[in-house]
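User: I would like to go through this model with you. Could we begin with the backbone and then move on to the domains?

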Amino acid sequence: MQSFTEENYLKIIYHLSLNNDHAVLTNAIAEKMQTKPASVTDMIKKLADKELVDYKKYQGVKLTPKGKLSAVNIVRKHRLWEVFLVDKLNFKWDEVHDIAEELEHINSAELIERLDEFLSFPKNDPHGDPIPDRNGKFDHMAVVKLNKLKPADAGLIMGVSEHSSPFLKHLEKLGLTLGKHISIIEVTDFDGSIELLLEDKKISVSREVAKHILIKI
């Protein structure tokens with residue numbers, strides 16, 4: 001069994017290693033954890049002793065199969081709790097991340113299996129992120145970032161890659177929530193801002209916002 005801190009490290013290493021075959025550097029982990037690189041190195045050595053990561057000095061760290069399964073299990077718990085908070089307790093999608101961060105550390109496999117069943121085995125959390133099953137398997141869906149689309153492209157908003165409360169509140173204000181249909185009207189060459197049609201309303205979003213919105217074409 002891992003401590004809260006160890007679980008947080010495993011989850012961060014997992015997220016930093018997504019779409020990246022290279023080892024994760026300790027400086028990147030330190031930035032995410034808001035701590036010193038020396039502290040990260042100490043924790044990485046502890047995780048290596050537990051065979052949760054492979055670590056080579058100056059070369060970074062990778063999750064072992066054991067470590068990856070543990071990290072994915074933490075991600076699963078986090079996303080299931082987010083579904084519960086939104087669907088059953090009526091929290092908004094911008095309110096659940098910090099609460100789920102605490103709930104994800106409850107170490108009861110039976111509780112999580114019952115929670116999954118109670119929620120009718122959801123495939124995605126309130127932000128559109130896929131929820132792995134008990135074996136760590138994801139249902140992957142082909143999506144593209146909004147800032148990669150061209151005029152006349154269209155699709156459905158299926159997820160976001162930024163979960164901060166200010167960002168989600170901004171999307172809520174614009175009406176850019178999951179399941180909404182959008183079509184691209186114009187992309188500005190100067191700053192990459194995008195004018196789009198959201199159902200029957202024209203709105204404009206910055207490139208910074210657009211790069212965190214995931215679209216299913």
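User: Which residue just after α7 takes a positive phi?
Analyst: That residue is Gly 175, with a phi of about 90°. Please bear in mind that this is a predicted model.

User: Which residues of helix α7 are buried?
Analyst: Helix α7 spans residues 165-174, and its buried residues are Phe 167, Leu 168, Leu 171 and Leu 174.

User: Why do they line one face of the helix?
Analyst: Viewed down the axis of α7, the buried residues fall within an arc of 120°, so they line one face of the helix.

User: And which residues are exposed on the other side of α7?
Analyst: Pro 166 and Lys 173 are exposed there.

User: What covers the buried residues of α7?
Analyst: The cover includes the strands β4 (154-160), β6 (194-198), β7 (201-205) and β8 (213-216), together with helix α8 (207-210).

User: Turning to the domains, how is the protein chain divided?
Analyst: The assignment gives domain 1 as 4-63, domain 2 as 68-138 and domain 3 as 144-216.

User: How many residues does the contact between domain 2 and domain 3 take from each?
Analyst: Seven residues come from domain 2 and 12 residues from domain 3. The C-alpha centres of these two domains lie 26 Å apart.

User: What area do they bury between them?
Analyst: Domain 2 and domain 3 bury about 810 Å² between them, and 61% of that is on carbon and sulfur atoms.

User: Which residues in domain 2 lose the most area to domain 3?
Analyst: They are Trp 93, Asp 94 and His 127, which together account for 71% of what the domain 2 side buries.

User: How many salt bridges and how many residue pairs in polar contact are there between domain 2 and domain 3?
Analyst: The count of salt bridges is zero. Five residue pairs are in polar contact, with both residues of each pair at pLDDT 80 or more.

User: A change of topic: where is Gln 2 found?
Analyst: Gln 2 is in the segment before α1, the helix that covers 4-17.

User: Is Gln 2 buried or exposed, and why?
Analyst: Gln 2 counts as buried because its relative accessibility is 17%, and buried means under 20%.

User: Which residues does Gln 2 touch, not counting those up to four places away in sequence?
Analyst: Gln 2 touches Glu 7, Leu 10, Lys 50, Leu 52 and Ser 70.

User: What joins the side chains of Gln 2 and Ser 70?
Analyst: A polar contact of 2.9 Å joins these two side chains.

Key. Residues are numbered from 1 along each chain as its sequence is written. This is a predicted model: local features need pLDDT of at least 70, side-chain atom pairs count only at pLDDT 80 or more; totals for chains, interfaces and linings use all residues. Side-chain values use heavy atoms; hydrogens and water are left out. Helices (H or I, at least four residues) and strands (E, at least two) are DSSP runs, numbered from the N terminus. Buried means under 20% relative accessible area, exposed over 50%, partly exposed in between (1.4 Å probe, protein chains only). A polar contact is a pair of N or O atoms within 3.5 Å; within protein, one must be able to donate a hydrogen and the other to accept it, and residues adjacent in sequence count only if both atoms are side-chain atoms. Contact means heavy atoms within 4.5 Å. The arc is that of the directions from the helix axis to the C-beta atoms. Domain bounds come from an automatic or database domain assignment. Buried area is the accessible area (1.4 Å probe) that two parts lose on being put together, summed over both. A salt bridge is a side-chain nitrogen of Lys or Arg within 4 Å of a carboxyl oxygen of Asp or Glu.
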